[in-house]
Amino acid sequence: FYENNTDSLMYTSNGTSIHSISTNGLNRDKYDLYSFTGDKNSPNLYCGNDGDPFRFDSAQNKWINIRGTGLNVNGAVDGIVGDGNALFTYVVYMNGPNLVVESYRSLNKGGFWQQIPLTGTFLPIPRIAVAISDSNYIMNTQLDDIIYSSDTGYIWKNTTNGYQNKAVGSLSEINDVLITYNIVKGVIRSTDKGVTWSYSNTGLTQAFPGAYFPGETFTGGGKLFVSMEESPDAGVYTLFRSPNDGVSWAKLTTVPSYKNMGYYGQNGNSFIMRFSDDRDRNTSWDTNCFYYRTSDAGNNWTNISSNFFKSSVMNLSKVHGFIGDGSNLFLFGNNKNYASVVYHSMNNGVNWNKVGQFNQNQHGIKTKDSWSNSARTQISATDSKGNFIFTVSYWWSDMKWDSLYSLSSSGFSPINTTGLPSNIIINDLNYFNGYWYLSSNLGLFASVNVMNWKSSRWLRHR
């Protein structure tokens, strides 16, 4: 069952024969279909269309609006999941300056919707709901929690062991304190190397009561920072700084006045952020933005990007990120011919000199998760003693592989390595306590000189 690019609905029962489905009853002026769900007990189908829920009635051969009773009249429905026995949805609306999200279930195919109470800290905002039996359901929420219900989806509880379906967006360390975050619950802090964790949200702004939406955590200038989104998917952020290693937070009022922000690298006690009124589109062309440096932990900011996108100067189409050791600062990006380029600055981003560029048809600077749309930061590392390495991806026909390059102000060159498999795909680089570390699709490797590498098995038996 699918929607094609001519605004027609089609279905197939065998993968070969394709049949059309009537669109009668749908709002064709705003033809925006999403979240199709089937009914295990009947031939009914369900979907969202322009903020309303619909059911396809095969007897009448038409779509019927099933907003029914119970759903908040101000709310736009954002998807339907379930199996017909129980349907789940949620609505989003503004109540003054506050964003409100409410979850609902229906046990009579959309005739009546009952609001689901918010039990505990696990908001039942549905992404996927699967029936284990007539009354037992498991839900994967829009906030990446896995929760379960034994009463057909009215009361939900979280799983307490096994796979938790969680990804850590960022992990920061300062003065032996670890900081990360949980969407909705906020910043999480550990003072015992990650054995135990506690929430640390004092001073942070809530998107709505009991809900926090952190963007990322990072350190710079000897301080700890977290960016907070004002409401889910709004793309409007505020930057907070902690004076006490994450015990409490204070809003920075000196930050450049843009809606969106992101951390892009550091140079000694300075760090650099991207600011714009648009999100980072994670594409090869991103020029509607500005890059600011702060050398006093966010009190004052300097625009270092005035020449980045000018065709007569640096001619960049996108900046991946920065890396520096306090003396040398490097910029990684793409030019408007889609070639990967590296620039160098000896005065903290005031002036830039081109180090070199790659052949865009054969290889380029690899960014984290380069083969998806979430790529941003280059995979690089420094020992803060003048040595820099970064990752380059090669492609030829249907083959892809990665190599390490050394970098200086005068140029870059491939490193002749031993111990790394020829087909390695590099995921990250780091330098810590005298060792260079490389994570890959083939495991973890370490080196003392970036040329000779050994697998993590050697680390365990040292």
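1. Let's start with strand β25 (residues 270-276), which runs antiparallel to β26 and is joined to β26 by five bridges. Across that pairing, Phe 275 sits opposite Phe 290 in β26. A quick word on terms: strands (E, at least two residues) and helices (H or I, at least four) are DSSP runs, numbered from the N terminus, and two strands pair if DSSP finds at least two bridges between them.

2. Before going on, remember that this is a predicted model, where local features need pLDDT of at least 70, side-chain atom pairs count only at pLDDT 80 or more, and totals for chains, interfaces and linings use all residues. Residues are numbered from 1 along each chain as its sequence is written, and side-chain values use heavy atoms, with hydrogens and water left out.

3. Now look at the open sheet ordered β8-β9-β10-β11, four strands with antiparallel pairing. β8 (76-82) and β11 (114-115) are at the edges with a single partner strand each, so one side of each has no neighbour in the sheet. Inside it, nine bridges link β9 (residues 87-95) to β10 (residues 98-106), and Asn 95 faces Asn 98 in β10.

4. Check Lys 109, in the loop between β10 and β11: its phi is positive, about 60 degrees, although Lys 109 is not a glycine.
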